[in-house]
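Let's walk through this structure together, from the overall fold down to single side chains. Please have the viewer open as you read.

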Amino acid sequence: MLASYHAGFTQGIPHPICATKPVTHGPLLQEVRPGDIVVDDCGYICTGYLLLFSPAELLPAPALDRAAQTGPGRILLTSRAIAALDADPPDGWTDISAALQPIFETPALSLSELPR
C-alpha cells in the first residue's frame, strides 16, 4: 500500500489530507537516494511526510553540523533550511552557504548540495 501511495505522490496525485505535498515534494522525492542526508525546516507534518516517503535521512536545519556524521551520501539542503539558517546563522554559515551547489529549483522548493 505504501508503494502505491509513494508512486502517486511522486506523480503529483493529491493526498487526501494535504494536497500540496505531492506538488511541493515530488522533485525532492525523485532526487534523493538512500544514504543521502536532507536538511530541512518544514514543521512536523511535512517532516513526517518526508520521513515516510523519502529514502534519505532527514535532519532539522539547526542540526546541520551533524550532517557530515549522519550518513555516507550527499548532504542536501532545501530552500526552507537555507532560509532558516540565513535567519539564524550558525558559525561558518557564510562559507558553507557559498559552497552550496544547486540541484533543482521550483517555485515551491529548491534543493542544493553541500560538498563533503
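A word on conventions comes before the tour. This is a predicted model, in which local features need pLDDT of at least 70 and side-chain atom pairs count only at pLDDT 80 or more, while totals for chains, interfaces and linings use all residues. Residues are numbered from 1 along each chain as its sequence is written, and side-chain values use heavy atoms, with hydrogens and water left out.

The protein chain has six helices and five strands; helices (H or I, at least four residues) and strands (E, at least two) are DSSP runs, numbered from the N terminus. Followed along the sequence, these elements give the pattern α-α-β-α-β-α-β-α-α-β-β. Of the 116 residues, 43% count as buried, where buried means under 20% relative accessible area, exposed means over 50%, and partly exposed lies in between (1.4 Å probe, protein chains only). The chain exposes about 6500 Å², and carbon and sulfur atoms supply 58% of that area; accessible areas come from the Shrake-Rupley method with a 1.4 Å probe, and for residues only the protein chains shown count as cover. Take the contacts between residues at least 6 apart in sequence: 55% of them join residues at least 24 apart. Contact here means heavy atoms within 4.5 Å.

Now turn to the sheet. The five strands form an open sheet in the order β2-β1-β3-β5-β4, with mixed pairing; two strands pair if DSSP finds at least two bridges between them. β2 and β4 (101–105) stand at the edges with a single partner strand each, so one side of each is left without a neighbour in the sheet. From one strand to the next, the twist averages 25°.

β1 and β3 run parallel and are joined by three bridges, with Val38 standing opposite Leu76 in β3. On to the next pair: β3 and β5 run antiparallel through four bridges, and Leu77 faces Ser112 in β5. β4 and β5 are also antiparallel, joined by four bridges, and there Glu105 stands opposite Ser110 in β5. Both faces of β3 are covered, with Ile75 and Leu77 buried on one side and Leu76 and Thr78 buried on the other.

What lies across β1, β3 and β5? That is helix α5, running at about 80° to β3; axes are lines fitted to C-alpha atoms, for helices over the stretch in contact, and angles run from 0 to 180 degrees between N-to-C directions. Within α5 (residues 79–87), Ala81, Ile82 and Leu85 are buried. Seen down the helix axis, these buried residues fall within an arc of 100°, so they line one face of α5; the arc is that of the directions from the helix axis to the C-beta atoms. Their packing partners are β1 (37–40), β3 (75–78), α6 (93–99) and β5 (110–114).

Ser79 also belongs to α5, and Ser79 is partly exposed at 24% relative accessible area. Leaving aside neighbours within four places in sequence, Ser79 is in contact with Leu109 and Ser110. Ser79 and Glu105 are 26 residues apart in sequence and 8.8 Å apart in space, C-alpha to C-alpha.

The other serine, Ser54, sits in the loop between α3 (43–53) and β2 (57–60). Ser54 is buried, with a relative accessible area of 15%. Not counting residues up to four places away in sequence, Ser54 touches Leu29 and Val32.
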